[in-house]
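Student: I have a structure open here and I'm new to it. Could you walk me through it?

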Amino acid sequence: RHRQQLAAVRAKIQTEKMSDAAKRDKLLAAEMSTEQKLNSELKQLEIDKENALKIEENNAKQREADAEKKYSDISKTMETMLREKTQLEAKVRAIAAVAEARAAE
């Protein structure tokens, strides 16, 4: 796009009636202007890239934190279930012992 625009400006300048030095100065100014525009666009692209990388990094950190919380929640639930299982097994053994004692009478 910039090359086409610069080529069009060059062609226009070449057809103008002025001295070669004036044409050269105009061409140089057009090329410098185009270079400045390209540098500005490049800088903006670099800023956009950095921002996108920061956003992706933050998203990755959030996904990791979410996964860690989910793992922690699952671990806590498992520990609770294991405690309850142990308590229920103890109650079943106590009931079985009482039932055996009654049956032995």
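Predicted model: local features only at pLDDT ≥ 70, side-chain atom pairs only at ≥ 80, totals over all residues.

Student: OK, what secondary structure does the chain have?

Tutor: The chain has two helices and zero strands, where helices (H or I, at least four residues) and strands (E, at least two) are DSSP runs, numbered from the N terminus. The radius of gyration, taken over C-alpha atoms, is 39 Å, well over the 13 Å that the globule rule gives for 105 residues, so the chain is more spread out than a compact globule. That rule is 2.2 Å times the number of residues to the power 0.38.

Student: And what does the C-alpha trace span along its principal axes?

Tutor: The trace spans about 130 × 15 × 10 Å. As an example of distance along the chain, Arg93 and Val9 are 84 residues apart in sequence and lie 95 Å apart in space, C-alpha to C-alpha. Arg93 sits in helix H2 and counts as exposed, at 53% relative accessibility.

Student: How much of the chain is buried?

Tutor: Buried residues make up 7% of the 105 residues, where buried means under 20% relative accessible area, exposed over 50%, and partly exposed in between (1.4 Å probe, protein chains only).

Student: Let's switch to H1. Which of its residues are buried?

Tutor: In H1, the buried residues are His2, Leu6 and Ile13. Seen down the axis of H1, they fall within an arc of 30°, so they line one face of the helix; the arc is that of the directions from the helix axis to the C-beta atoms. On the other side of H1, Gln4, Lys12 and Thr15 are exposed.

Student: What do those buried ones pack against?

Tutor: They pack against helix H2, residues 20-104, with contact meaning heavy atoms within 4.5 Å. Looking from H2, its buried residues are Lys23, Leu27, Ala30 and Thr34, and what covers them includes H1.

Student: How far apart are the end C-alpha atoms of H2?

Tutor: They are 124 Å apart, which agrees with the 126 Å that the 85 residues of H2 should span at 1.5 Å a residue. The expected span is 1.5 Å times one less than the number of residues. Helix H1 has 14 residues and reaches 20 Å from its first C-alpha to its last, close to the 20 Å expected.

Student: New topic: how many salt bridges are there?

Tutor: The count comes to four, a salt bridge being a side-chain nitrogen of Lys or Arg within 4 Å of a carboxyl oxygen of Asp or Glu. One of them joins Lys69 and Asp73, at 3.0 Å from N to O.

Student: Where do those two sit in the helix?

Tutor: Lys69 and Asp73 are four residues apart in helix H2, and therefore separated by about one helical turn. Lys69 counts as exposed at 52% relative accessibility, while Asp73 is partly exposed at 34%.

Student: Which residue does Lys61 bridge to?

Tutor: Lys61 forms a salt bridge with Glu57, the closest N and O atoms being 3.4 Å apart, and Glu57 is partly exposed at 45% relative accessibility. Another bridge joins Arg63 and Glu56, at 3.2 Å from N to O; Arg63 is partly exposed, with a relative accessible area of 48%, and Glu56 is partly exposed as well, with 43%.

Conventions. Residues numbered from 1 in each chain as written. Heavy atoms only, no water.
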